[in-house]
Amino acid sequence: MERTYLMIKPDGVQRNLIGEIVSRFEKKGFTLVAAKLTILSKETAETHYGEHKERPFFGELVDFITSGPVFAMVWQGGNVISTARTMMGATNPAEAAPGTIRGDFGVQVAMNVIHGSDSPESAAREISIFFNEEELSAYEKTVNKWV
Ligand code: RTP
Ligand code: MG
């Protein structure tokens with residue numbers, strides 16, 4: 001069963017969107033296997049976004065993601081990595097389709113509400129940055145046979 005790392009960014013937490021966003025993934029039929037509210041250290045943020053360290057916006061990205069609590073989550077389900085990215089919408093909320101999380105709730109590219117792993121390799125790497133193996137609850141929901 002596939003797993004992905006999703007993170008509600010500081011703007012989403014400040015704007016009281018945790019419940020709305022968790023609800024979308026629950027209703028879709030995915031299973032939450034870990035979650036916590038946490039403030040990232042600069043080191044953790046730089047590790048998480050390491051692929052962007054040469055980009056001009058890297059400093060702003062790290063400053064923003066460490067500016068307040070994030071809601072870190074691991075979700076499980078069939079094809080969850082790419083389906084979650086579809087549900088999130090385009091990186092720039094101005095271009096994200098209505099009905100997607102970024103399309104419905106975002107305006108600026110820097111404050112685009114949510115992060116999601118973009119590949120199985122990223123998911124494994126990112127999950128291990130934020131959660132220990134013991135924090136991941138392995139279980140099955142019987143309702144999932146219907147979705
Ligand atoms: P994320 O990693 O946060 O899920 O977003 P993503 O895959 O859709 O986009 P990515 O290319 O990985 O970019 C990471 C984050 O950097 C910010 N960004 N700012 N100022 C800019 O031009 C710019 N471009 C990207 C965004 O907040 C993006 O989510
Ligand atoms: Mg990315």
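Phe130 is buried in this predicted model, with a relative accessible area of 6%; buried means under 20% relative accessible area, exposed over 50% and partly exposed in between, for a 1.4 Å probe and protein chains only. Tyr5 is buried as well, at 0%. These two residues form a stacked aromatic pair, with 4.4 Å from centre to centre and 10° between the planes. Rings of Phe, Tyr and Trp (its six-membered ring) are paired if their centres lie within 6.5 Å, and planes under 30 degrees apart count as stacked, over 60 as edge-to-face and the rest as tilted. Tyr5 belongs to strand β1 and Phe130 to helix α7 (residues 120-130), so the pair ties together parts that are 125 residues apart in sequence. Helices (H or I, at least four residues) and strands (E, at least two) are DSSP runs, numbered from the N terminus.

The structure holds 2 aromatic pairs. Phe25 and Trp75 form a tilted one, with 5.7 Å between the centres and 40° between the planes. Phe25 lies in helix α2 (residues 18-28) and Trp75 in strand β3, so here the parts tied together are 50 residues apart in sequence. Both Phe25 and Trp75 are buried. Another ring, that of Phe131, has the charged end of Lys36 over it, 4.6 Å from its centre; the criterion is NZ of Lys or CZ of Arg within 6 Å of the ring centre and within 35 degrees of the ring normal.

Just after α2, Gly29 takes a positive phi of about 120°.

Thr91 sits in the loop between α5 (80-88) and α6 (101-105). At 45% relative accessibility, Thr91 counts as partly exposed. Leaving out residues up to four places away in sequence, Thr91 touches Arg102, Val109 and Asn112.

For the whole picture, the protein chain comes to 7 helices and 4 strands. The radius of gyration, taken over C-alpha atoms and compared with a globule rule of 2.2 Å times the number of residues to the power 0.38, is 15 Å, close to the 15 Å that the rule gives for 147 residues, so the chain is as compact as a globular protein of that length.

Residues are numbered from 1 along each chain as its sequence is written, and chains are lettered from A and ligands numbered from 1 in the order in which they are written. In this predicted model, local features need pLDDT of at least 70 and side-chain atom pairs count only at pLDDT 80 or more, while totals for chains, interfaces and linings use all residues; side-chain values use heavy atoms, with hydrogens and water left out.

How values were computed: Contact = heavy atoms within 4.5 Å.
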